[in-house]
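Biologist: Before I rely on the terms used for this fold, I would like to see each one set against its definition.

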Amino acid sequence: MEWPELEIDEYEKFILRMNPPRVVIDNATCERATLVKVDSVNKQGVLLEVVQILTDLDLTIHKGYISSDCGWFMDVFHVTDCNGNKVTDDGLIEYIQQRIALNHQYPRRVGVQTAAEHTALELTGTDRPGLLSEIFALLTELRCNVVAAELWTHNMRVACLIYVTDETTFGPIEDPERLLRIKESLCSVLKGDKDGKCARTDLASSVTHTDRRLHQMMFADRDYESVDEGRLCIQEQKITIENCDEKGYSVINIECRDRPKLLFDIVCTLTDMEYVVFHATIDSDGEKAYQEYYIRHVDGCTLNSEAERQRVIQCLGAAIERRVPEGLRLELCTGDRIGLLSDVTRIFREHGLSVTRADVTTRGDKALNVFYVTDTEGNPVDLKVIEAIRQELGQAILQVKEPPAHSRSPPQEAAAKLRFSFGNLFGNPAKFFTTWA
């Protein structure tokens with residue numbers, strides 16, 4: 001597979017030569033995983049940059065060791081590809097090295113997507129059955145063509161990013177009056193029959209990395225405040241926070257079911273809550289993930305109040321849960337056309353299905369869409385209903401898939417060893433990076 005060449009001008013090359021980060025891709029040390037080692041000057045957000053780059057390439061991070069004290073950033077990640085294999089493609093290896101090096105110097109580029117070819121819409125509000133169908137029907141009525149969309153639901157809240165073009169020009173919608181009409185109409189749909197004080201629709205000229213933006217939208221919508229105090233977490237999870245007064249850190253320990261992109265979701269949330277990770281260890285036994293973070297707020301303070309600690313625990317718990325799919329996975333692959341999503345989601349609604357998550361993409365003239373569905377009460381869907389929908393849409397274009405496993409089998413050669421903790425190495429954190437194998 002060919003990987004895109006990064007555009008680097010002569011000035012950028014000069015800056016990289018003056019103070020280059022050291023990125024090493026090591027396939028010799030570990031039998032079952034590729035080691036990605038990054039050594040560079042530390043700056044705010046560098047950990048999220050690296051994790052985001054690896055995650056966007058569909059690499060699974062099984063283990064990680066991070067230290068960023070004294071102005072220097074050192075980390076090591078054990079990664080495999082989506083099939084559980086080591087990273088051996090020379091083009092991909094070179095791409096990882098160049099991308100991390102370039103984005104270390106220019107963090108504004110990380111995860112920022114231009115909206116020059118489309119119009120980006122951000123929606124948050126109260127979730128209800130049939131909402132996605134109403135949104136797509138309205139956009140079709142307003143002569144908008146949906147080229148991509150992603151929707152998350154959690155704790156009866158919904159966040160959705162939709163990228164649209166004009167159905168005639170297939171370019172961005174630029175008329176201010178039309179944009180205002182679209183925004184107001186979508187807000188009315190989000191409000192439904194309620195007062196809709198929490199419904200919000202925004203337009204964006206550029207959009208932060210989609211997953212990160214969805215986390216930010218749900219955080220701003222306070223989805224971490226459970227609507228049902230007796231509600232159990234979707235995932236079994238244990239999160240504790242204690243202060244290490246001797247070194248001036250707050251220590252977060254997380255134990256939960258492992259899954260892809262877990263590290264990104266947690267680091268993203270800590271970064272957006274303005275906490276700095278100074279040391280961290282990431283581990284997994286194949287089913288459970290164990291993560292330990294030594295953090296301070298950006299102002300240098302630890303989490304000194306019980307209220308602040310509980311808020312961080314709530315927000316991290318929500319970040320862990322948001323991406324966990326609920327319901328049956330349906331995959332739609334067919335020729336793209338105006339109104340396709342409106343028709344498909346209308347059929348879902350007419351058969352009593354509720355969409356809990358959606359990932360809509362367009363590649364050329366093909367629509368590649370993934371939906372997770374339950375019944376309107378949140379219960380598993382009767383497969384007879386799914387078969388009726390397939391008959392109506394076409395069995396060849398709508399496939400039923402098993403929900404993806406939340407964890408893949410990570411390297412097991414160290415499974416019997418005690419998990420590493422930075423709590424025993426604060427006397428000389430660099431010792432670990434010189435002796436670790």
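Predicted model: local features only at pLDDT ≥ 70, side-chain atom pairs only at ≥ 80, totals over all residues.

Modeller: Residues are numbered from 1 along each chain as its sequence is written, and side-chain values use heavy atoms, with hydrogens and water left out.

Biologist: How do you know that β7 and β16 pair?

Modeller: Two strands pair if DSSP finds at least two bridges between them, and β7 (residues 144–154) and β16 (residues 353–363) are joined in the antiparallel sense over four bridges. Strands and helices here are DSSP runs numbered from the N terminus, with E and at least two residues for strands, and H or I and at least four residues for helices.

Biologist: What makes β9 and β18 edge strands?

Modeller: The open sheet has eight strands in the order β9-β6-β8-β7-β16-β17-β15-β18, with antiparallel pairing. β9 (200–204) and β18 (398–401) each have a single partner strand, so one side of each is left without a neighbour in the sheet.

Biologist: Why is α4 called roughly antiparallel to α5?

Modeller: Angles run from 0 to 180 degrees between N-to-C directions of axes, which are lines fitted to C-alpha atoms, for helices over the stretch in contact. The axes of α4 (residues 131–141) and α5 (residues 176–191) come within 10 Å and cross at roughly 155°. That makes the two helices roughly antiparallel, the term for angles over 145 degrees. In contact terms (heavy atoms within 4.5 Å), L131, E134, I135, L138 and L139 of α4 meet I182, S185, L186, V189 and L190 of α5.

Biologist: How do you know that α6 packs on the sheet?

Modeller: Helix α6 (residues 210–220) touches β6 (119–126), β7 and β8 (157–166), and its direction makes about 135° with that of β8. Another helix, α10 (residues 383–393), lies across β15 (328–335), β16 and β18, running at about 155° to β18.

Biologist: Why is D265 called buried?

Modeller: D265, in helix α7 (residues 262–272), has a relative accessible area of 0%, and buried means under 20% with a 1.4 Å probe and protein chains only, so the term applies to D265.

Biologist: What makes the approach of D265 to H215 a polar contact?

Modeller: The term requires a pair of N or O atoms within 3.5 Å, where within protein one must be able to donate a hydrogen and the other to accept it, and residues adjacent in sequence count only if both atoms are side-chain atoms. The side chains of D265 and H215 make such a contact at 2.8 Å, and the side chain of D265 makes another with that of R259 at 2.7 Å.

Conventions: Buried < 20%, exposed > 50% of the residue type's maximum accessible area, 1.4 Å probe, protein only. Parallel < 35°, antiparallel > 145°, perpendicular 65-115°, else oblique.
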